[in-house]
Amino acid sequence: MLRAMLAGVCLAGAIMASAPARADVKAGGVTFPDTFNVYGKTLRLNGVGVRVFYHLVDGYATALYLPEVARTTEAIESAPNPKVIYSVFLHGASAERMRSEYDTIHTAFCAKETCHPEQEESYKKFLGYLTAADSHATQTIVIDDTGVLLLRNNVRIGNVNDPLFGQALIKSLVGPASPTESYRNAIIGGG
């Protein structure tokens, strides 16, 4: 389904945050719109979390967009696709720093969940797409029923055709393997 939608579609026009509206949320100095359009579907802002490094530096702000707002981990995980994880880097990050952050989350996730060999291959493929990011760069992860599409500054940089990997990304964001409880709670929309 995702491949069919990508054919002949300009990604910058097909995937975008909406113009500011009344319920926008500001986090880490970034304003996140209350809706996000993906291929003609309007997703709702569920919550925004700021990832803090070394208890001092705001690293990135992440918003989760869903078809309908959900306030529990279970409701988010079972929500229909598409889902969007939209991040804005508050400071520049090297490719090594980004991979290290994902490795930390992935290790915690696999310690709490079952990581299948196929998911490990998908995870390695996903890591291979990560490059350095400048301050204020955006990263968009679109999760649908076929897998994961990764964009940087609205330009496609890769995709992983594995629906289970997309589910694992959502679980790692809102489940017990999330980087911190406050980050998780903010993305769930509870604070």
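User: Why are H5 and H6 called roughly perpendicular to each other?

Analyst: In this predicted model, H5 and H6 pack at an angle of about 75°. Angles of 65 to 115 degrees count as roughly perpendicular. H5 and H6 are therefore given that name. Their axes lie 9 Å apart.

User: Which residues make the contact, and how do they divide into nonpolar, polar and charged?

Analyst: H5 brings Gln 119, Ser 122, Tyr 123 and Phe 126. H6 brings Leu 164, Phe 165, Ala 168 and Leu 169. The residues divide into 6 nonpolar, 2 polar and no charged.

User: What makes the pair Glu 101 and Arg 51 a salt bridge?

Analyst: The N to O distance is 2.7 Å. The cut-off is within 4 Å, so the pair qualifies as a salt bridge. Glu 101 sits in helix H4 and Arg 51 in strand E5, 50 residues apart.

User: Why is Glu 101 called buried?

Analyst: Its relative accessible area is 7%. Buried means under 20%, so Glu 101 is buried. Arg 51, with 12%, is buried too.

User: What makes Glu 113 partly exposed?

Analyst: Glu 113 has 30% relative accessibility. Glu 113 forms a salt bridge with Lys 171, with the closest N and O atoms 3.9 Å apart. Lys 171, at 28%, also counts as partly exposed.

User: How do you know that Glu 121 and Lys 124 are about one helical turn apart?

Analyst: They are 3 residues apart in helix H5, which means a separation of about one helical turn. Glu 121 and Lys 124 are exposed.

Key: Residues are numbered from 1 along each chain as its sequence is written. This is a predicted model: local features need pLDDT of at least 70, side-chain atom pairs count only at pLDDT 80 or more; totals for chains, interfaces and linings use all residues. Side-chain values use heavy atoms; hydrogens and water are left out. Axes are lines fitted to C-alpha atoms, for helices over the stretch in contact, and angles run from 0 to 180 degrees between N-to-C directions. Helices (H or I, at least four residues) and strands (E, at least two) are DSSP runs, numbered from the N terminus. Angles under 35 degrees count as roughly parallel, over 145 as roughly antiparallel, 65 to 115 as roughly perpendicular and the rest as oblique. Contact means heavy atoms within 4.5 Å. Ala, Val, Leu, Ile, Met, Phe, Trp, Tyr, Cys and Pro count as nonpolar, Asp, Glu, Lys and Arg as charged, and the others, Gly among them, as polar. A salt bridge is a side-chain nitrogen of Lys or Arg within 4 Å of a carboxyl oxygen of Asp or Glu. Buried means under 20% relative accessible area, exposed over 50%, partly exposed in between (1.4 Å probe, protein chains only).
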